[in-house]
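Please look at the sequence and the model below before reading on.

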Amino acid sequence: MWVLGIETSCDETSVALLRVQGGRPQIVQNLIASQIDAHQLFGGVVPEIASRKHLEALNPMLAELRRQSGFEWRDLDLIGVTHGPGLVGALLVGVAAGKALGYAHRVPCVPVNHIEGHIVSNFLAQPITFPMLCLVVSGGHSDLVLMREHGDYVRLGRTRDDAVGEAFDKVARALGLPLPGGPSLERAAAQGNPLAFDFTASNLEPSLDVSYSGLKTAASQALRKSTREDKEQLVNDIAASFQRVAVRQLRRNVERALQEHPVATLGVCGGVAANSFLRGQLEAAAKAAGVAFVVPDKVLCTDNAAMIAAAGYYRWMMRPESERVWQLDALDFKTHSLLPIA
Ligand code: KG4
Ligand code: ZN
């Protein structure tokens with residue numbers, strides 16, 4: 001089976017081709033075009049610019065995908081496209097393209113929930129044994145999800161305010177670091193002293209929820225409040241101290257969740273999962289708990305179409321075989337992509 005993926009939910013345009021063999025999706029090609037330069041001037045993603053950039057990039061990228069991987073439209077079995085959550089105008093570009101291609105080539109087009117895409121990115125890394133506890137850490141989410149099988153999720157914890165990626169971005173901005181904030185902050189933190197500042201994160205026990213607004217505010221104000229002269233080192237020290245506390249909060253919750261819920265695997269996904277310090281801390285937590293640890297390649301942690309194609313494939317295979325045929329509007333886009341989290 002050949003599956004095309006399309007992702008346009010935020011500031012990355014991405015198209016990917018997967019080949020499924022023996023029930024395992026594998027990446028043939030995964031093209032990602034970042035728009036970050038277009039948003040740099042504004043200090044954050046501007047929705048209207050994002051939509052226009054997707055519109056400009058998508059067709060040439062599809063042509064490039066075909067050129068690089070040599071597939072013909074008639075070879076295609078399925079299309080997966082991100083349907084939400086995300087910027088509405090940006091999503092519309094991908095959904096319109098996916099539906100039009102599906103209609104023109106008589107290929108079913110499956111709407112995919114972006115967060116389910118992130119979770120499924122773990123399956124592109126290695127075969128996974130259920131149940132899996134998955135930490136979803138992106139610009140919009142900080143969820144702890146228990147995945148019992150494909151399509152079966154229970155949310156154990158979430159953020160009460162900011163998502164962890166959002167906190168990384170806002171602290172990076174307050175420290176004057178360039179976009180994208182998360183990777184810039186990680187680079188600064190590598191040069192800093194993680195014990196320089198004793199930031200704290202709210203303790204929400206016994207729940208498995210997290211809160212980042214207090215930590216974000218404390219770290220954002222630390223630069224202005226400090227009388228230190230060595231500004232560059234000060235920024236690095238704040239970044240390192242913020243990262244230490246932000247990640248400690250996640251590790252603690254993961255450890256508690258592992259105690260409360262017997263699982264076979266610990267997974268992590270979303271943009272913040274590209275953070276090396278977090279990866280190391282979670283690997284250590286998994287090892288201590290005696291469960292397998294899985295983490296996607298760094299390029300598959302941030303937004304990409306390969307994970308969307310894979311999630312589309314698993315969604316499609318959940319349907320009864322008799323319903324796995326092309327039909328105009330076979331799938332209800334309004335309800336199909338809702339992540340069925342209990
Ligand atoms: O998953 P993603 O690409 O988009 C969303 O679905 O939100 O995640 C983007 C988020 C941003 O907040 C970005 O700053 C953060 O992931 N991020 C990182 C790193 N790389 C990306 N945060 C910390 N360390 C990183 N290396
Ligand atoms: Zn994402």
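Helices α6 and α8 are roughly perpendicular to each other, because their axes cross at roughly 110 degrees and angles of 65 to 115 degrees count as roughly perpendicular. The model is a predicted one. Helix α6 covers residues 181-190 and helix α8 covers residues 231-260, and their axes come within 7 Å.

On the side of α6, the contact is made by L185, E186, A188 and A189. On the side of α8, N236, A239, A240, F242 and Q243 take part. By type, the residues of this contact are six nonpolar, two polar and one charged.

Apart from neighbours within four places in sequence, Q243 touches F168, L185, E186, A189, N275 and F277. Q243 has a relative accessibility of 9% and counts as buried, because the limit for buried is under 20%.

**The zinc site**

Which residues coordinate the zinc ion (ligand 2)? They are H114 and H118, each through NE2, and D303 through OD, at 2.0 to 2.1 Å. Along the chain these donors follow the spacing H-x3-H-x184-D. H114 belongs to helix α4 (residues 114-120), while D303 is in the loop between β10 and α10 (305-317), so the pair ties together parts that are 189 residues apart in sequence.

| Residue | Relative accessible area | Class |
|---|---|---|
| H114 | 7% | buried |
| D303 | 13% | buried |

**The sheet**

An open sheet is formed by five strands, in the order β8-β7-β6-β9-β10, with mixed pairing. Strands β8 (152-157) and β10 (292-294) are at the edges; each has a single partner strand, so one side of each is left without a neighbour in the sheet. From one strand to the next, the twist averages 25 degrees.

The partner of β8 is β7 (residues 142-149), and the two pair in the antiparallel sense over five bridges. Within this part of the sheet, M147 stands opposite Y153 in β8.

Helix α9 (residues 276-289) packs on the sheet and touches β6 (132-137), β9 (265-269) and β10. The direction of α9 makes about 160 degrees with that of β10; the two are therefore roughly antiparallel, as angles over 145 degrees count as such.

Key. Residues are numbered from 1 along each chain as its sequence is written. Chains are lettered from A and ligands numbered from 1 in the order in which they are written. This is a predicted model: local features need pLDDT of at least 70, side-chain atom pairs count only at pLDDT 80 or more; totals for chains, interfaces and linings use all residues. Side-chain values use heavy atoms; hydrogens and water are left out. Two strands pair if DSSP finds at least two bridges between them. Helices (H or I, at least four residues) and strands (E, at least two) are DSSP runs, numbered from the N terminus. Axes are lines fitted to C-alpha atoms, for helices over the stretch in contact, and angles run from 0 to 180 degrees between N-to-C directions. Contact means heavy atoms within 4.5 Å. Donors are N, O and S atoms within 2.8 Å of the metal (3.2 Å for Na, K and Ca); water is not among the atoms, so sites may look incomplete. Buried means under 20% relative accessible area, exposed over 50%, partly exposed in between (1.4 Å probe, protein chains only). Angles under 35 degrees count as roughly parallel, over 145 as roughly antiparallel, 65 to 115 as roughly perpendicular and the rest as oblique. Ala, Val, Leu, Ile, Met, Phe, Trp, Tyr, Cys and Pro count as nonpolar, Asp, Glu, Lys and Arg as charged, and the others, Gly among them, as polar.
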